[in-house]
Amino acid sequence: ANAERGIRDLMIVDAHFRIAGIRAKWYVDAESLPDYLKLGLDAVVGGKLTPARNMILKTAAKKGQVAVEVSDDIGKWLYYDVSKQDLSGQKDF
């Protein structure tokens with residue numbers, strides 16, 4: 001979150017969330033926290049990837065919420081209108 005390309009990617013991901021009415025909380029390592037906060041993002045120290053993921057899962061479980069792990073540099077978004085999908089015959093997803 002401190003290089004031009006990384007900032008661009010991160011802000012695109014966050015903008016997609018905001019358009020959908022989601023205000024993401026970013027769990028980042030201590031070194032990255034000031035960069036995320038400087039961008040106006042809701043960020044907390046969660047450690048590196050695995051500890052951050054575990055913290056997110058525990059926090060969501062305590063609050064009865066769903067946790068979604070998302071990269072801050074998604075390269076492509078695909079949206080599907082599930083109501084228009086023919087899922088007959090599907091046994092697992």
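Predicted model: local features only at pLDDT ≥ 70, side-chain atom pairs only at ≥ 80, totals over all residues.

Trainee: Got it. How many residues line the largest pocket, and which lie nearest its centre?

Mentor: The lining has 29 residues. Nearest the centre you'll find Lys25, Trp26, Tyr27, Ile56 and Val68.

Trainee: Which elements give two or more residues to that lining?

Mentor: Strand 1, covering 25–28, and helix 3, covering 49–63. Helix 3 gives the most, with 7 residues.

Trainee: What's the lining like by class?

Mentor: There are 16 nonpolar residues, 5 polar ones and 8 charged ones.

Trainee: Let's switch to rings. How many aromatic pairs does the structure hold?

Mentor: It holds 2 of them. In one, the ring centres of Phe17 and Trp26 are 6.4 Å apart and the planes sit at 55°, so that pair counts as tilted.

Trainee: Why those two numbers, a distance and an angle?

Mentor: That's how a pair of aromatic rings is described: the distance of the centres and the angle of the planes.

Trainee: Are Phe17 and Trp26 buried or exposed?

Mentor: Phe17 is buried because its relative accessible area is 14%, and buried means under 20%. Trp26 is buried too, with a relative accessible area of 8%.

Trainee: So what about the pair that Trp26 forms with Tyr36?

Mentor: Trp26 and Tyr36 form a tilted pair, at 6.2 Å centre to centre with 50° between the planes. Trp26 lies in strand 1 and Tyr36 lies in helix 2, residues 33–38, so the pair ties together parts that are 10 residues apart in sequence. Both Trp26 and Tyr36 are buried.

Trainee: Which residues do the ring pairs link into a cluster?

Mentor: Phe17, Trp26 and Tyr36.

Trainee: Where is Asp14, and is it buried or exposed?

Mentor: Asp14 is in helix 1, residues 4–19. Asp14 counts as buried because its relative accessibility is 2%. Setting aside neighbours within four places in sequence, Asp14 is in contact with Ala24, Trp26 and Leu41.

Trainee: What about Asp29, where does that lie?

Mentor: Asp29 is in the loop between strand 1 and helix 2. With a relative accessible area of 19%, Asp29 is buried, given that the cut-off is under 20%. Not counting residues up to four places away in sequence, Asp29 touches Gly47 and Lys48.

Trainee: New topic: Ile7. Where is Ile7 found?

Mentor: Ile7 is found in helix 1. Ile7 has a relative accessible area of 26%, so it's partly exposed.

Trainee: Which residues is Ile7 in contact with?

Mentor: Leaving out neighbours within four places in sequence, they are Ala1, Asn2 and Leu39. There's also a distance to look at: Ile7 and Asp72 are 65 residues apart in sequence and 9.1 Å apart in space, C-alpha to C-alpha.

Trainee: And Pro51?

Mentor: Pro51 is in helix 3, and its relative accessibility of 43% makes it partly exposed. From Pro51 to Tyr27 there are 24 residues in sequence and 9.5 Å in space, again C-alpha to C-alpha.

Trainee: Last one, Gly89. Where is its place?

Mentor: Gly89 is in the segment after helix 3. Gly89 counts as exposed because its relative accessibility is 69%, and exposed means over 50%.

Trainee: Great, thanks!

Note on methods: Residues numbered from 1 in each chain as written. Heavy atoms only, no water. 1 Å grid on protein atoms, 1.4 Å probe; cavity = no way out; pocket = protein on both sides within 12 Å on 5 of 7 lines; lining within 4 Å. Helix = DSSP H or I, 4+ residues; strand = E, 2+ residues; numbered from the N terminus. Nonpolar A, V, L, I, M, F, W, Y, C, P; charged D, E, K, R; others polar. Buried < 20%, exposed > 50% of the residue type's maximum accessible area, 1.4 Å probe, protein only. Contact = heavy atoms within 4.5 Å. Phe/Tyr/Trp six-rings, centres within 6.5 Å; stacked < 30°, edge-to-face > 60°.
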